[in-house]
Amino acid sequence: MNIKEYKQIFIRELKIIINLLAIFVIGWGFTPYPHIFLGLILGTLISTYNLWSMHSKVNRMGQTIVDNANKKEDEKKKRVKSLGALNRLAAAALAVLIAMRYPETFSIVAVIIGLMTNHFVIMIDFLFQSIRKN
């Protein structure tokens, strides 16, 4: 997979997530279950932040590796940094803490499901793209 394909996948998944968020906002405004939809919105927003964070760090890491491969032996090579798992875990923990602090506003189960939304979107997108290519 090249960089262009990777960016196209990221943009396609981001569009799906934005559409899901629009559905969640409609559900929050027009159903008798606003705390569930607010939990889904909070979890999905944090999950989307985590996806964007991972995407940008993978891009930077890939660029650093390419830059290092193009340098000569005597030139100083940049160090490859981590993918920032601690930041993403802290963001997810923050979402759960918010839901626990305000249980009348946010459903904790919905927040956890929202945190997994990007994983579902990635798997479903991969499945559809695999079927389309075959």
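The following paragraphs go through a predicted model of a protein, from its overall build to single residues. Local features are reported at pLDDT of at least 70 and side-chain atom pairs at pLDDT 80 or more, while totals for chains, interfaces and linings use all residues. Numbering starts from 1 along each chain as its sequence is written, and side-chain values use heavy atoms, with hydrogens and water left out.

Confidence comes first. The average pLDDT (the predictor's confidence in each residue, from 0 to 100) is 90, and 93% of the residues score at least 70. Helix 4 (residues 108-115) has the highest confidence, at 97, and helix 2 the lowest, at a mean of 90. Where pLDDT is low, predicted coordinates should not be read in detail.

The protein has five helices and zero strands, giving the order α-α-α-α-α from the N terminus on. Helices here are DSSP runs of H or I with at least four residues, strands are runs of E with at least two, and both are numbered from the N terminus. The C-alpha trace spans about 65 × 40 × 20 Å along its principal axes. The radius of gyration is 18 Å, whereas a compact globule of 134 residues would have one near 14 Å; the radius is taken over C-alpha atoms, and the globule rule is 2.2 Å times the number of residues to the power 0.38.

Of the 134 residues, 31% count as buried; buried means under 20% relative accessible area, exposed over 50%, and partly exposed in between, with a 1.4 Å probe and protein chains only. Among contacts (heavy atoms within 4.5 Å) with a separation of 6 or more, 65% are between residues 24 or more positions apart.

An unreviewed UniProt entry carries the annotation "transmembrane region" for residues 12-30, 36-52, 85-102 and 108-128. Its positions are given in the numbering used here, feature names are shortened, and annotations may be inferred rather than shown by experiment. In the model, residues 85-102 are 94% helix and 0% strand, with the end C-alpha atoms 26 Å apart. Residues 108-128 are 95% helix and 0% strand, and there the end C-alpha atoms are 30 Å apart.

A search of the whole structure finds two aromatic pairs. Rings of Phe, Tyr and Trp (its six-membered ring) pair if their centres lie within 6.5 Å; planes under 30 degrees apart count as stacked, over 60 as edge-to-face and the rest as tilted. Phe24 and Phe37 have ring centres 6.5 Å apart and planes at 50°, so this pair is tilted. Because Phe24 lies in helix 1 (residues 3-30) and Phe37 in helix 2 (residues 34-70), the pair ties together parts 13 residues apart in sequence. Both Phe24 and Phe37 are buried. Tyr49 and Trp52 form a tilted pair, at 6.2 Å centre to centre and 40° between the planes. These two residues are three apart in helix 2, so about one helical turn separates Tyr49 from Trp52. Tyr49 is partly exposed at 38% relative accessible area, and Trp52 is partly exposed at 48%.

Further along helix 2 is Lys57. Beyond its neighbours within four places in sequence, Lys57 contacts Ser82, Leu83, Gly84 and Asn87. Lys57 and Gly84 are 27 residues apart in sequence but 7.8 Å apart in space, C-alpha to C-alpha. Lys71 sits in the loop between helix 2 and helix 3 (85-101) and is partly exposed at 26% relative accessible area. From Lys71 to Ala90 the separation is 19 residues in sequence and 36 Å in space, C-alpha to C-alpha.
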